[in-house]
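Please open the model in a viewer and keep the selection panel at hand. The stops below are arranged so that each selection leads to the next.

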Amino acid sequence: MTDSQAPVAAASLALADLAATASLAARTAALARAGDVIALRGDLGAGKTAFARAFIRARPGGADVTEVPSPTFTLVQVYDLAPAVWHFDLYRLTRADDVWELGFEEALADAILLIEWPDRLGSLLPAEHLDVELTPGSAPDSRDVRLIGTGDWVGRLDGLAGRAAISAGTVT
Ligand SMILES: Nc1ncnc2c1ncn2[C@@H]1O[C@H](COP(=O)(O)OP(=O)(O)OP(=O)(O)O)[C@@H](O)[C@H]1O
Ligand SMILES: [Mg+2]
């Protein structure tokens with residue numbers, strides 16, 4: 001199957017407040033497994049790190065993680081859970097290839113990857129991933145989220161958004 005025929009499913013949801021974002025992140029965490037790539041998109045302050053924080057805390061053992069800082073300057077923060085969660089913030093990545101120096105290959109092999117600013121990876125972003133795109137909502141604390149699942153995420157999307165919210169098709 002070529003990328004242009006890859007199955008894809010999408011859903012849009014309104015998140016009324018931070019708790020709603022955290023709840024979506026927890027549902028995502030419950031469905032995630034080793035090798036998964038979750039691309040967190042949206043402008044500065046959209047809520048990508050807030051999503052990642054709630055995701056990590058919702059993973060088994062994650063409640064004991066006291067701090068989930070933004071990896072703004074470290075570019076990656078690794079959480080020693082089972083499987084490990086690697087939280088990337090690639091805003092300051094100057095060349096896509098520099099991601100290999102951060103341990104990207106090891107992460108892809110057996111961890112869950114949360115990636116802020118995934119566009120910095122260009123074609124290095126695996127074709128199969130979940131896109132979580134956050135945009136401002138109508139109120140200061142509300143957000144709209146667009147979920148796009150490719151590959152194995154297509155079947156898992158109804159667990160996140162509800163079957164009624166899903167539209168399925170192929171990438172064109
Ligand atoms: N519904 C919501 N979802 C997510 N964050 C929210 C929401 N409502 C308010 N916020 C607040 O918005 C801010 C989002 O900041 P956050 O650091 O998560 O953004 P970011 O997308 O990671 O930005 P950056 O690109 O700078 O890393 C936080 O202060 C958070 O508390
Ligand atoms: Mg952030």
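Select ligand 1 together with helix 1 (18-31) and helix 2 (48-58): each of these helices supplies at least two residues of the shell around the ligand. Helices and strands here are DSSP runs numbered from the N terminus, helices being H or I with at least four residues and strands E with at least two. Helix 2 gives the most to this shell, with 3 residues. Around ligand 1 there are 18 residues, of which Thr21, Gly47, Lys48, Thr49 and Ala50 come nearest; a residue is near a molecule if its C-beta atom, placed from the backbone, lies within 6 Å of it. Colouring the shell by class gives 5 nonpolar, 7 polar and 6 charged residues.

A note on conventions is in order. The model is predicted, so local features require pLDDT of at least 70 and side-chain atom pairs pLDDT 80 or more, whereas totals for chains, interfaces and linings use all residues. Residues are numbered from 1 along each chain as its sequence is written, while chains are lettered from A and ligands numbered from 1 in the order in which they are written.

Next, select Leu134, which is found in strand 6 (residues 130-136). Is Leu134 buried or exposed? Leu134 counts as buried because it has 22 C-beta neighbours inside 10 Å; the cut-offs, for C-beta atoms placed from the backbone, are 20 or more others within 10 Å for buried, 12 or fewer for exposed, and anything in between for partly exposed. Beyond residues up to four places away in sequence, Leu134 touches Arg41, Gly42, Ala46, Gly47, Lys48, Arg143 and Val145, a contact being two C-beta atoms, placed from the backbone, within 7 Å. A C-alpha to C-alpha distance from Leu134 to Gly122 gives 20 Å across 12 residues of sequence.

Move to Leu121, in the loop between strand 5 (112-116) and strand 6. Leu121 has 19 C-beta neighbours inside 10 Å and therefore counts as partly exposed. Apart from neighbours within four places in sequence, Leu121 is in contact with Leu90, Ala96 and Val99.

Leu90 is also one of the contacts of Ile115, alongside Val37, Ile38, Ala39, Leu40 and Phe88, when neighbours within four places in sequence are left aside. Now select the largest nonpolar core, which has 42 residues; those with the most contacts inside it are Ile38, Leu113, Leu114, Ile115, Val132 and Leu147. Such a core is a set of buried Ala, Val, Leu, Ile, Met, Phe, Trp, Tyr and Cys residues joined through C-beta atoms within 7 Å.

Then select helix 4 (residues 153-161), whose buried residues are Trp153, Val154, Arg156, Leu157, Leu160 and Ala161. They lie on the same side of helix 4 because they cover an arc of only 150° around the axis, the arc being that of the directions from the helix axis to the C-beta atoms. The face turned away from this buried side carries the exposed residues Gly155 and Gly159. Just after helix 4, Gly162 takes a positive phi of about 90°.

Finally, display the entire chain, which has 4 helices and 8 strands. Of its 172 residues, 36% count as buried.

How values were computed: Nonpolar A, V, L, I, M, F, W, Y, C, P; charged D, E, K, R; others polar.
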